[in-house]
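Colleague: Could you take me through the place where the two chains meet, in one go? I'd like a close look at that part, with the cut-offs spelled out as you go.

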2 protein chains.
Amino acid sequence: MNLSIDAARLSAELEALGAISEAPSPIVTRVVFSEADVLARTYFKTLCRDAGLDVREDAVGNTFARWHGESPELAAVATGSHIDAIPNAGRFDGTVGVLGGLEAIRALQRGGARPTRSIDLIAFTSEEPTRFGIGCLGSRMMAGVLDPSVGASLRGKDGLSLNEARAAAGFSAPLDAVRMDHGHYAAFVELHIEQGPLLEQRGIPLGVVSAIAAPAGLRLTVEGEGGHAGAVLMPSRHDAFLAAAEIALALENAAKSSGAIDTVATTGVCEVFPGAVNSIPSRVKLEIDVRDIVEARRDAVLGALDETCAEVSARRGVCVRKEVINADAPAECATQVTSALERAAVKHQLEFMRMVSRAYHDSLFMSRIAPTGMLFIPCRGGVSHRPDEYAAPEAIAQGSLVLAETLLELANWV
Amino acid sequence: MNLSIDAARLSAELEALGAISEAPSPIVTRVVFSEADVLARTYFKTLCRDAGLDVREDAVGNTFARWHGESPELAAVATGSHIDAIPNAGRFDGTVGVLGGLEAIRALQRGGARPTRSIDLIAFTSEEPTRFGIGCLGSRMMAGVLDPSVGASLRGKDGLSLNEARAAAGFSAPLDAVRMDHGHYAAFVELHIEQGPLLEQRGIPLGVVSAIAAPAGLRLTVEGEGGHAGAVLMPSRHDAFLAAAEIALALENAAKSSGAIDTVATTGVCEVFPGAVNSIPSRVKLEIDVRDIVEARRDAVLGALDETCAEVSARRGVCVRKEVINADAPAECATQVTSALERAAVKHQLEFMRMVSRAYHDSLFMSRIAPTGMLFIPCRGGVSHRPDEYAAPEAIAQGSLVLAETLLELANWV
C-alpha cells in the first residue's frame with residue numbers, strides 16, 4: 001500500500017490547535033477543562049468527524065474517535081496522546097500524537113486500507129498535572145489505577161473538584177464507567193516528541209521506546225511562623241520560605257549524587273504565604289517531581305528528602321508535611337508493539353534507536369491494560385514545556401507515517 | 001481638663017473595621033483600593049463626620065478629617081496612620097492610630113477643649129507595599145519623596161497602574177497636588193502598636209519613639225532556563241528557583257552576621273514561573289526587605305547580597321536583575337514632639353520607655369515635612385502582620401489618652 005502523509009495539512013492543524021490557548025501566541029497554556037481546553041476538544045472532534053470517525057467521550061472527558069474495522073467484534077487497537085498543556089508551554093507536546101494519529105488514519109484511508117480491527121484515536125484528559133496535581137488523569141482512570149471516588153474529589157487551586165470542573169465542561173456521567181478491562185484494546189501505541197536531546201544530537205529520526213521512567217510527585221507544606229519583617233529579630237524567626245529553600249537545594253544535591261545521570265529531581269512549584277514583601281513567610285507549598293528509570297534509585301532520593309525535611313524542621317523550628325501525590329512504577333513496553341514499530345521504520349527506510357522515556361506519558365498507564373509501545377521523534381534542542389518547543393514538519397510526518405504503518409499491522413493481527 | 005477615653009466604643013469600632021476584609025474573620029486583608037479598602041474608607045469617613053470633623057481627600061486617597069481650631073489661619077497639627085492591611089493580617093496595625101486618633105479628638109471635644117490650631121486626623125493611603133511594591137505611598141507623596149509621574153505609573157500584580165487603580169476607587173485629580181510644603185503642619189504624631197515584644201516583656205504601657213529604622217526594598221528577577229522536569233538532565237539545568245533559594249539563604253546569613261541584633265532581612269515574596277510541578281522554573285521574582293537602625297550596616301547587607309547574586313549567576317548560568325524599590329534614610333523624631341508625649345504620659349502617671357521603631361511608618365515621611373513623633377503601645381507577643389495580632393482595649397485606650405493630651409499641647413503652641 002502506498003501510504004503518504006500530508007505534512008503541510010498536519011502542520012497547519014497543529015498550528016491551529018496551538019492558537020487555542022489562554023495566552024498569546026506562541027505561548028500555549030491549555031489547562032484541562034479551561035475554556036481553551038474545551039475549544040481545543042471541539043476542534044479535535046470536528047477534525048475527527050470530518051475524517052468519518054465515530055466520536056464518543058467518557059465521563060472524565062477522554063475522547064475516542066473510532067475508525068470501524070472489518071471485524072468490529074474484535075478488540076480495537078488504539079493510538080493517541082493528549083491536548084492539554086501546562087502554563088507557558090509549546091505546540092507539540094501531546095498534540096503530535098493526537099493530530100499525527102489522526103493523519104495516520106487519514107493516510108490509511110487514502111491508501112485504501114481496510115483494517116480488520118477498529119482503530120481508536122484517543123485524546124486523553126489531563127495528561128498534565130497542572131490543575132489537579134496528578135498527571136495522566138484520563139489514562140490513569142482508564143487503567144483503574146485511580147479510584148473514581150478519590151479522583152472525583154481531587155481539587156484544583158481554584159477550589160473546584162474534578163467532579164465540579166468536569167461537570168462545568170459537560171461531563172457529568174459517573175466516573176466508574178471510565179475504567180477499561182485488560183484486553184479492551186489489542187494494542188496501544190503513542191507518537192510523541194522526545195522532550196530530550198538524544199535523537200537530534202545523533203541525527204536519528206525515530207526513537208522506539210523500551211521503557212518509561214517511574215515518576216514520583218510530592219507536595220510538601222512547610223509551616224513556620226509569620227510576623228512583621230521589620231520587627232521580628234533574626235534569631236526568633238521560623239521562616240517557612242528559608243526552610244523550603246534548604247529543602248529544594250538538598251533535593252537537587254540528592255539527585256545529582258545518585259550515581260546515575262538518569263536521576264532528575266525538580267521543585268517546580270513554590271507558593272509563599274502570605275507573600276508580602278514586609279511579612280515573614282509563615283507557610284510554603286512546594287511541589288516536587290523525582291524520576292528515574294530505576295525505581296529503587298528514585299526511592300533513594302525520596303528517602304534523602306525525608307531526612308532533609310526532618311533535619312531542617314528540627315533546626316529551624318518549622319513543621320513539614322508530606323503528601324505523596326503519585327509514585328508510579330516504571331513501564332516496560334510490549335515487544336510485539338515495539339517490533340511492529342521497528343519493522344515499520346525499516347520498511348520506510350527510516351533509521352531508529354531504542355531508548356527510554358524519562359518523561360511519563362499516558363502510555364505508562366495504557367501499558368497496564370494493553371500491549372503498549374511509544375514512538376519518539378526529535379524536537380529542537382530537546383526543549384519541551386516551553387513556548388519555543390519545536391518539531392520540524394518532516395519529522396512529524398515521518399513519525400505519523402511509521403505510526404500509520406504500525407497501526408495497520410496491529411489492526412490486522414488476528 | 002478631664003480627658004476620658006471611651007475604650008469600649010473604640011474597641012467596637014476597631015472590631016467593626018477589622019470585619020471589613022477580603023478574607024473571613026479574624027483575618028484582615030485590605031489591600032489599597034480593593035473593595036474592602038473602599039468600604040473601610042467609607043466607614044472611617046462616616047465616623048469622622050459623626051464627630052463633626054470636616055473630611056477631605058487628596059488625589060492619592062489620603063483622607064484628612066479636620067477639627068477646626070480657634071485660629072484656623074495657623075498651621076494645623078496632625079495625627080493618623082493607615083487602614084490598609086497586607087494579606088492575612090490583623091486588626092490593629094495602623095487602625096489603632098486612625099481610630100485611636102479619632103477617639104482622642106472626641107475625648108478632647110467631650111472635655112470641652114478649644115484648641116488654638118486645627119487638628120487633622122489622617123488616614124494615609126497604602127502604608128503597606130502589597131499592591132504597588134512600595135510602602136507609605138500616601139505619606140511618601142505628601143513629603144515629595146516620590147515623583148508624581150513615577151508614582152502614577154507604578155503597576156500592581158493585576159496589571160493596573162496606580163493611576164488606573166485610584167481612578168477606579170474615585171480618585172482622579174492630578175497627583176501633583178498631593179505634595180505638601182514643609183511647614184504645612186506644625187507637628188505630626190502617630191499612635192501605633194509596637195509590632196515588637198519589648199513593651200510587653202518589660203510591662204511598660206508606652207513607648208516614645210526616638211528614631212525609625214531605615215528600610216530598603218528590592219525586587220530581584222532571576223532568569224534561568226525552563227524545560228521538562230523529566231527530560232532535562234541535572235547537569236544541563238539553569239534552574240531559576242534553586243538560584244533564588246541560594247540567594248535567600250545567603251541574605252539570611254548576611255543579616256545574621258552583621259554584628260548587630262537590629263539587622264533584619266526578609267524574602268517575603270517568591271513567585272515561580274511557570275510554576276508547574278513538571279516544569280523546571282525558568283524565572284523567579286523575589287521581593288526582599290532589609291532594615292537596620294544604622295543605614296551603613298543595612299547597606300553592607302545589600303552589598304553582600306550583590307556579591308551573592310554575582311556568584312550564583314556565574315556558577316548556575318542564570319541572570320539576576322535587581323531593582324531597588326526604595327532605600328529610605330532613617331528618621332529622627334523631633335524632640336519637641338517626643339517631649340510633649342513624655343509630659344503627657346507623666347501627667348497621666350503612665351510609665352514609658354524610649355525606643356526605636358524597626359518597622360517603618362508614615363511618620364518616616366511625615367518627619368520630612370513636620371516635627372514628628374510616634375507613640376507605641378504593646379501588642380501581644382510582639383506579633384503583627386498576622387491574624388492573631390492583638391492589643392488590649394486598655395492599652396489602646398492609654399495610647400489614645402496620651403495622644404489626646406499631646407495633641408492638645410501641640411495645638412496650643414503659638
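Modeller: Between chain A and chain B, about 5100 Å² is buried, and carbon and sulfur atoms give 64% of that; buried area here is the accessible area (1.4 Å probe) that two parts lose on being put together, summed over both. On the chain A side, A:H228, A:M234 and A:V277 lose the most area to chain B, together 14% of what that side buries. Bear in mind that this is a predicted model, so local features need pLDDT of at least 70 and side-chain atom pairs count only at pLDDT 80 or more, while totals for chains, interfaces and linings use all residues. Residues are numbered from 1 along each chain as its sequence is written, chains are lettered from A and ligands numbered from 1 in the order in which they are written, and side-chain values use heavy atoms, with hydrogens and water left out.

Chain A puts 59 residues into the contact and chain B puts in 59, where contact means heavy atoms within 4.5 Å. Now for the polar side of things. There are 12 residue pairs in polar contact between chain A and chain B, both partners at pLDDT 80 or more. A polar contact is a pair of N or O atoms within 3.5 Å; within protein, one must be able to donate a hydrogen and the other to accept it, and residues adjacent in sequence count only if both atoms are side-chain atoms. The side of chain A that touches chain B gets at least two residues from each of β5 (85-89), β10 (227-228), α8 (240-256), β11 (264-273), β12 (279-280) and β13 (283-292); these are DSSP runs numbered from the N terminus, helices being H or I with at least four residues and strands E with at least two. By class, that side of chain A divides into 30 nonpolar, 16 polar and 13 charged residues. Ala, Val, Leu, Ile, Met, Phe, Trp, Tyr, Cys and Pro count as nonpolar, Asp, Glu, Lys and Arg as charged, and the others, Gly among them, as polar.

A:R316 is one to look at: it pairs with B:E252, with the closest N and O atoms 2.8 Å apart. A:R316 also forms a salt bridge with A:E246, at 3.2 Å from N to O. A:R316 lies in helix α9 (residues 295-316) of chain A and A:E246 in helix α8 of chain A, so this pair ties together parts 70 residues apart in sequence.

One backbone detail while you're there: the peptide bond from A:F273 to A:P274 is cis, with omega near 0°, and A:P274 sits in the loop between β11 and β12 of chain A. In chain B, B:F273 and B:P274 are joined by a cis peptide bond too, with omega about 5°.

Technical notes. Salt bridge = Lys/Arg side-chain N within 4 Å of Asp/Glu carboxyl O.
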